[in-house]
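Hi there,

Here is the structure I promised to pass on.

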Amino acid sequence: MATREQSERSLRLQLERDAPNRLKQAGPAWKEATMGFYYGNTQNSEISVDMAIRASTLRLLHEDGTGLPPKIWKGLVALVNTSTTAAAAIETMRFATAHGVPLTPV
Amino acid sequence: MNRLYLLITAVCLILATTIMAHGQDPEPEAYLRVNTMLSGGQYVETSNDDQYYYVEIYMTHPLDARVYDDLKNNKISIGGIAQGHRELSYPLQISPDDCPADDCARTHFRVYLPKTIDLSKTYEIFFDSYRTTAGDNLRYRAISIGTDYKTSLEDKSLCEDALAVKIDFETDPAKTPLKVRTAADRAVLAEYLRARISFIYDFLSGLNAAQLNLVDLRVRPLKSLIKPPAEVSYTEPTPGTFLLADGVTTWVPTEADLPRLYVTSLRPANATKDLAINSQFILSCVWTRKHLPTEDFNATLSLPINPPRELVKRLMKTGVAGLTTISSPALPATNEKVGERTVEQDLDLAFSLISSVEEVEKKNPDPEICDPIKTRERKTRGTIDLRINPLGTRSWIFVDEDDLNGNNERTTGAYVAWAPVFIDSKVSTGKITTDTLSLNRVVIGTQGEYRYIYNNSTFPTYFRLIGRFSNASDRDFKQAEYKGTFEFRPVFGKVNHPLASIQAAQPRLIGAEGESKNIYKTYKRGGYEFIPIVGGELGRTWSRRDPAEAVKPSDAVKRVYGGLEIILTPITNTKITLTDTFYYNFGEVTKRRANYFNGSIEFLLGEFLDNRRAAHSVFFSFEKGQQPPFANAGVNVFKIGYRVVGDRLFLLSNNR
């Protein structure tokens, strides 16, 4: 489970890696931009956004040693798409981590 | 002169620094808290009703040491708590948390309040005289009392179709810097939050059926009329106006008349208490016996079951969407080959009027010559072009987890999609002739795609491997052939900059809600896409029963092909697509090599019928060359048409 600050840090790290030019363009208002601003608005962009959200959420879950049930993953990627703002994506990721289930150590 | 100048400059600098420092001073903070303590391994609220609540006050400047000692020994009063203009009798004292070690900060104060205090009213802290260590005498007339939490009713909380209660304790140091100013402050706050989150977690986890039955969840569907209950007699002179039996009074619904949903569980979604404490929030899905309305609605929730302070207030959420909206799909692609087009949308339906040049045999006007003459004439016919995935497309996305925090500068992963059934067809008016063969094909099959995402970014690089097994036949289903196809389409980010992705960062009139207009910049370049295509086919005819004369049995198919698709979008809403494919056939074939060209210009019209999952366009296209099975002289066709595409419309489709 993640705090808003952790969630924000994880998504920003993802955007720094995937869309550094767009992040620079957005500047301090980066959280107000839509995910489409960073990943474009083509058919593949929805896949790009899903991947970014998955990677950002997985990073948070790894920190906690938790995992998400498949239905939560499904809901998470359904709620975040190219028209979702980064701020809303951060909040949705945070909601998702609340549903995290501790992973049994192997 | 120089000295004087330096002196004036120094004085100005000191003054400016002083003013700036003074201007940056954060305002004092005050928080209403519930006296919670650890007892028998569990956090419980105090049994001392006189000190059930307390207001913790954080001051910016330390209090003068002498005044501090006098206050500590109850010799003086320097402030208190007031409700409006009325000062209350609860004394302001030194907070027990002011001296975590031997050294007291002299900035923390406290006012205890009884359980009976009416918290629906607004209270303020005041200081008549606050003498700082610097010797200043400050006066604070009204320090408003806040809370450490924010409770809300949420709809997009991943509780499937249920609403959720969120109690968020996270502190924003930028907005409330004083309560987390020192390590000791942070430790005190962390312990308080641990106590409260634990207490609330236990409360919500332990609710029994009788308590849940009292939880009042009301919904107000926004498109339905609320009518008077059955026991009220009324007339409805005009729709929506309900006159009571006296004929004068109009019935107006109250909250009690709204549909009520019975709550079956409020158990926190947070798997463990410790996880909730770490994340500093509790999320409880509000599970109900009956589902929420399918139309948009408002909702209110109250818990009249003596809940913790954080859940006392009635919660409200307005404008909850009955159905999740999904963003619009991308606009149409224009690859025209029946049976060889990729599955990307659930529905692609186009109506065309086709004008083509055909070879026609005519009687020779010279009566002495028996041989007919061949002339080329332009003919026009109507065509329906339909692509449909009746069961939708199922897809999965994977991310390479090994490198989430590593130094690799790119995100890699995979996208897998499967359309169990697809129908790809073109059906034309008129008889099937050699020239209309390619316009009368019906292909039914299954298709899968593996997309390796090499670099997830604004302009990503990915490699598409598309496999397809299909059965192709003529319009009348009289000759059938099976075919297995494999295709590889690498999309390189450096040479693929679609206009839609460029425009996403350009200025526009209406952006998303809350989106800043200052983040956009104008790009002068248009979009461009260059996608090479390499593929192979294997198949043969397996059924033949008196087909049209023009439909010949096809040879066993063994071929490879390669091509290039170029999409140029120089201006908004106009798309130029150029596709050229070269075929090479193996075995005994009538044609070893063949070429097919398709060029089109498309005017994109946007959403279709206000449906965000469908779009439409008008197009002109020109086709020239031969396509499998190369049985005729090829096409030379000019088209004008209208197209509708839709995505994620059917049963199995999930969100990508």
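Before the strands, one term: two strands pair if DSSP finds at least two bridges between them. Please keep in mind that this is a predicted model.

Strand β27 (residues 479-491) of chain B runs antiparallel to strand β26 (residues 461-474) of chain B, and 12 bridges join them. These two strands form a hairpin with 4 residues between them, and in the turn B:Phe477 has a positive phi of about 60°. β27(B) is also joined by 10 bridges to strand β29 (residues 527-544) of chain B, again antiparallel. You can follow B:Thr485 across: B:Arg468 has B:Thr485 as its bridge partner in β27(B), and B:Thr485 stands opposite B:Glu537 in β29(B).

Next, the helices of chain A. Helix α1 (residues 4-18) has 15 residues, which at 1.5 Å a residue should span 21 Å; the end C-alpha atoms are 21 Å apart, so the two agree. Its buried residues include A:Leu11, A:Leu15 and A:Arg17, and their cover includes α2 (20-26), α3 (35-39), α4 and α6 of chain A. In helix α5 (residues 70-79) of chain A, A:Trp73 and A:Leu76 are among the buried residues, and the buried residues of α5(A) pack against α4 (43-64) and α6 (86-98) of chain A.

Finally, where do the chains meet? 53 residues of chain B are in contact with 59 residues of chain A. On the chain B side, α5(B) gives the most, with 4 residues. By class, that side has 22 nonpolar, 21 polar and 10 charged residues.

Happy browsing!

Note on methods:
Residues are numbered from 1 along each chain as its sequence is written. Chains are lettered from A and ligands numbered from 1 in the order in which they are written. This is a predicted model: local features need pLDDT of at least 70, side-chain atom pairs count only at pLDDT 80 or more; totals for chains, interfaces and linings use all residues. A residue is buried if 20 or more other C-beta atoms lie within 10 Å of its own, exposed if 12 or fewer, and partly exposed in between; C-beta atoms are placed from the backbone. Two residues are in contact if their C-beta atoms, placed from the backbone, lie within 7 Å. Ala, Val, Leu, Ile, Met, Phe, Trp, Tyr, Cys and Pro count as nonpolar, Asp, Glu, Lys and Arg as charged, and the others, Gly among them, as polar. The expected span of a helix is 1.5 Å times one less than its number of residues.
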